[in-house]
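Please look at the sequence and the structure shown here, and keep both in view while reading the paragraphs that follow.

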Amino acid sequence: MERIPILRMGDILLVTIQVDMHDRLAMALQDGLTTKIAQTGAHGVLIDISALDIVDSFIGRVLSNISLMASVLDATTVVVGMQPAVAITLVELGLSLQGVKTALNVERGMQMLRAVIGTASEEGEDAGPED
Amino acid sequence: MPVQKTETLPIRSEQDVVSVRQAVKTWAAQLGFSLVDQTKIVTAASELGRNTFIYGGGGNAKLEMLNEGIRRGLRVTFEDQGPGIPDIEQALQDGYTSGKGMGLGLSGSKRLVNEFKIVSRVGEGTTVTIIRWK
């Protein structure tokens, strides 16, 4: 089955969704990302959805789930690049993307993650060396 | 209502749901819908197509290009021979879900289109018709 690639950049996992996902593919991404966070100990996840023409309730739920699961695994998720038409439709559909952090583009998303992760590792140093 | 063009697509798999929304996107673009209007009807089609597949056990989607006087529109009809919906009023409420969804499929897609009609008979199936005018 086709898969959506998950790239690793240091402490951050990077996903760019470039295909029109069917539901099982979205579920596979959810499982794959969660596994990868646990494997790599990544503290940040950046999901670029700029190529998505729509976000319906299913994909919305997958994005919410990823954010929640990542936060349980001590990683912060930022969803970036949502098209304006998608944002308008999402709100009218009634989807709130609960718990999902968003940023306008990849650059701002990275800044957001760096800020959060930076703080986290400083706290970590205060508490003692991390293994 | 004069129909200019029509096409029926099967919904037998998740991939078929993707094909339906891609076809709706193409037609909406051909009709000259704004990007926001395209996104709205494609999103509604995605929700309803998924319902047809998951709850209706499969069926089909009929796309029709409408021409009524000076206005043009896109009608999509989702049809299944599944178990039907016992209480449509309840199914149309925000947050009501019979399965694993978020309960926004029917109520949400209704908000995304200009016309919305649902006919369901228990044991016979469900037909949902949506229209978005340009």
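**Where the two chains meet**

Between chain A and chain B there are seven salt bridges, in a model that is predicted. The elements of chain A that each give two or more residues to the side touching chain B are α1 (23-40), α2 (57-72) and α3 (84-93). Of these, α3(A) gives the most to that side, with six residues, and the residues on the side of chain A that touches chain B divide into nine nonpolar, four polar and seven charged.

How many residues of each chain take part in the contact? On one side there are 20 residues of chain A, and they are in contact with 22 residues of chain B. Together the two chains bury about 2100 Å² between them, and 55% of this area lies on carbon and sulfur atoms. Three residues, A:Ile54, A:Glu92 and A:Leu93, supply 26% of the area that chain A buries against chain B, which is more than any other three residues supply.

The structure holds eleven salt bridges over all chains. One of the salt bridges joins A:Asp23 to B:Arg50, with the closest N and O atoms 2.6 Å apart, and this pair crosses between chains, running from helix α1 of chain A to helix α2 (residues 35-54) of chain B. In another salt bridge the side chains of A:Arg24 and B:Glu14 meet, at 3.3 Å from N to O. Across the interface of chain A and chain B there are also twelve residue pairs in polar contact.

**Looking into chain B**

Which residues of chain B place a charge over a ring? The charged end of B:Lys5 sits over the ring of B:Trp27, at 4.4 Å from the centre of that ring, while B:Arg71 lies over the face of B:Trp133, at 3.7 Å from the ring centre. Pairs of aromatic rings are another matter, for the count over all chains comes to zero.

Methods
Residues are numbered from 1 along each chain as its sequence is written. Chains are lettered from A and ligands numbered from 1 in the order in which they are written. This is a predicted model: local features need pLDDT of at least 70, side-chain atom pairs count only at pLDDT 80 or more; totals for chains, interfaces and linings use all residues. Side-chain values use heavy atoms; hydrogens and water are left out. Contact means heavy atoms within 4.5 Å. Buried area is the accessible area (1.4 Å probe) that two parts lose on being put together, summed over both. A salt bridge is a side-chain nitrogen of Lys or Arg within 4 Å of a carboxyl oxygen of Asp or Glu. A polar contact is a pair of N or O atoms within 3.5 Å; within protein, one must be able to donate a hydrogen and the other to accept it, and residues adjacent in sequence count only if both atoms are side-chain atoms. Helices (H or I, at least four residues) and strands (E, at least two) are DSSP runs, numbered from the N terminus. Ala, Val, Leu, Ile, Met, Phe, Trp, Tyr, Cys and Pro count as nonpolar, Asp, Glu, Lys and Arg as charged, and the others, Gly among them, as polar. Rings of Phe, Tyr and Trp (its six-membered ring) pair if their centres lie within 6.5 Å; planes under 30 degrees apart count as stacked, over 60 as edge-to-face and the rest as tilted. A charge sits over a ring if NZ of Lys or CZ of Arg is within 6 Å of the ring centre and within 35 degrees of the ring normal.
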